[in-house]
Amino acid sequence: MHRIRLPRLAAFLIAPLLLSANAQAQQSLDEKINQAVQPAADWVTGIIFSTIPLGSIDVPFVLVWLVLAATIFTFYFKFINIRAFRHGFQLVRGDYSDPNAAGEVTHFQALSTALSGTVGLGNIAGVAVAVSLGGPGATFWMILAGLLGMSSKFAECTLGVKYRNENPDGTVSGGPMYYLAKGLAEKGPGFAVVGKVLAVMFAVFCIGGAFGGGNMFQANQSFSQLVNVTGGEASWLADKGWLFGLVVASLVGLVIIGGIRGIARVTSKIVPFMGIVYVIAGLIIIFANISAVPEAFSAIISGAFSPEGVAGGFVGVLIVGFQRAAFSNEAGVGSAAIAHSAVQTNRPVTEGFVALYEPFVDTVVVCTITALVIIITGSLDPSVDGVQLTSNAFESAISWFPWVLTLAVVLFAFSTMISWSYYGLKSWTFLFGESKAADITFKLLFLVFVILGSSMQLGAVIGFSDAMIFAMAFPNLLGVYLLLPVVKRELDEYWADLKAGRLKKAEEYGDPEPAE
């Protein structure tokens with residue numbers, strides 16, 4: 001664990017505080033930065049989100065890339081998303097955990113950390129957008145995309161553990177940048193060069209995504225929701241984004257200084273707590289309107305295949321559902337493989353089984369409950385924005401729920417930030433080496449961006465960062481395709497041992513060996 005003296009940390013945080021305070025005084029600063037970044041941002045996003053015609057509508061190629069891969073992996077691994085579902089739960093529960101295995105966190109903690117990077121605004125605001133644009137039928141295609149995405153998570157997280165680096169101090173570093181570089185190198189010199197190029201591309205994209213979509217966007221949106229429930233433009237907080245940012249940056253700093261163990265301890269508590277609160281609130285509303293549920297499911301199923309008033313008809317609603325699901329659970333992007341690589345295990349495929357639960361919880365459970373609440377409360381209004389639409393739906397049944405939603409948004413944003421700080425850090429150290437200096441430099445830069453994200457409206461910068469997150473999918477999935485036989489071999493060997501009863505249960509391992 002790296003320790004940073006508090007005075008030094010405080011001094012570093014004061015500098016961006018003064019900058020952001022100055023930005024409040026000079027309203028044009030945000031605009032100047034946006035104007036400077038806009039041309040490059042437009043060029044990059046134009047490439048990443050370039051479209052291909054499908055019927056009467058244009059579909060982002062990155063969406064086709066993600067969904068096609070998920071479908072191929074599902075068939076290649078013979079519906080691993082279904083047949084390994086039960087065993088994945090046993091692993092999350094710790095039934096087969098080896099306390100002496102290499103790694104830093106348990107299966108449950110790795111899953112919580114990865115979930116904290118995806119469960120959040122995509123489930124709360126993204127679902128509302130999907131149902132507004134695609135009608136109730138979009139929910140059906142979201143669920144299907146979530147089920148297919150489970151297979152992508154399985155493949156990339158298995159590879160993440162397989163090719164991770166186990167450092168002398170007991171820490172581990174893993175993720176797409178490592179299996180792209182090390183895995184493809186096994187195929188020969190030519191592939192080794194390709195692997196290194198793809199690994200560097202992924203790391204650069206991941207760092208960009210960590211600073212923006214995994215940081216500034218989260219800080220900005222959580223602050224906006226807090227201002228909304230405290231009076232909007234008349235709120236005392238309305239012009240104090242810098243103060244909110246400073247508080248959040250201080251809390252984030254306290255967590256990320258402790259590395260993945262500190263992050264896992266926090267996310268393994270925040271994610272289940274907020275997830276349970278959100279799901280229970282949704283179920284209360286669903287059961288209170290139980291008579292409307294059959295009609296809601298009927299609208300979801302009929303709207304999936306014969307939508308009315310949706311641009312593009314059947315294809316249009318399918319694309320909306322797939323797009324929201326893919327952008328929510330990030331299956332195929334590769335980010336989650338970084339968190340899952342820190343798990344304690346000697347069998348890489350076990351974490352692939354655990355990772356199945358990430359898209360299931362994120363998309364199939366949380367997104368579906370959000371959609372049902374919006375539909376059965378009759379709150380569907382295309383003119384209302386994402387988070388506000390979800391808030392209105394819950395508020396129609398639970399008057400005080402906007403406060404709960406605000407807490408959920410802030411905590412989900414907080415957990416997303418600390419998870420993405422780890423993703424960005426591992427990409428940073430992959431490029432600049434595993435050193436204390438590299439570690440501290442990235443963490444301090446990350447905290448600066450928390451404050452800037454809260455106090456500045458940098459739309460072009462955040463849009464550029466969103467493009468970086470989905471750009472990660474191109475080198476990542478290309479590498480996964482080439483390494484599919486490795487995953488298949490790991491799967492077949494483990495599955496044979498499981499069926500033959502050769503796997504040891506947790507109680508058979510005894511107490512963990514003392515650290516040297």
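Colleague: E490: buried or exposed?
Modeller: Buried, at 12% relative accessible area. Buried is under 20%, exposed over 50%, partly exposed in between (1.4 Å probe, protein chains only). This is a predicted model, so local features need pLDDT of at least 70 and side-chain atom pairs 80 or more, while totals for chains, interfaces and linings use all residues. Numbering starts from 1 along each chain as its sequence is written, and side-chain values use heavy atoms, without hydrogens or water.

Colleague: What does E490 form a salt bridge with?
Modeller: K162, with the closest N and O atoms 2.9 Å apart. A salt bridge here is a Lys or Arg side-chain nitrogen within 4 Å of an Asp or Glu carboxyl oxygen. E490 sits in helix α23 and K162 in helix α8, so the pair ties together parts 328 residues apart in sequence. Helices are DSSP runs (H or I, at least four residues), numbered from the N terminus. K162 is partly exposed, at 33% relative accessibility.

Colleague: Which residues of α23 are buried?
Modeller: L484, V486, V487, E490, L491, Y494, W495, D497 and L498. Down the axis of α23 they fall within an arc of 160 degrees, so they line one face of the helix. The arc uses directions from the helix axis to the C-beta atoms.

Colleague: What covers them?
Modeller: The cover includes α3 (61-76), α5 (85-93), α8 (138-162) and α22 (473-482). Contact means heavy atoms within 4.5 Å.

Colleague: D497 is on that list. What does D497 form a salt bridge with?
Modeller: R347, at 3.1 Å between the closest N and O atoms. D497 is in α23, and R347 is in the loop between α15 (335-340) and α16, 150 residues apart. D497 has a relative accessible area of 18%, so it is buried. R347 is partly exposed at 26%. R347, D497 and R502 are linked in a network of salt bridges.

Colleague: How many salt bridges does the structure hold?
Modeller: Eight. One of them joins E358 and K153, at 2.8 Å N to O. E358 is in helix α17 (residues 357-376) and K153 in helix α8, 205 residues apart. E358 counts as buried at 1% relative accessibility. K153 counts as buried at 0%.

Colleague: New topic, V161. Where is V161 placed?
Modeller: In helix α8. V161 counts as buried, at 5% relative accessibility. Leaving aside neighbours within four places in sequence, V161 is in contact with H340, S341, V343, T345, P348 and E351. The C-alpha atoms of V161 and S341 are 4.6 Å apart, though 180 residues separate the two along the chain.

Colleague: And after α23, what phi does G501 take?
Modeller: A positive phi of about 75 degrees, just after that helix.

Notes:
Helix = DSSP H or I, 4+ residues; strand = E, 2+ residues; numbered from the N terminus.
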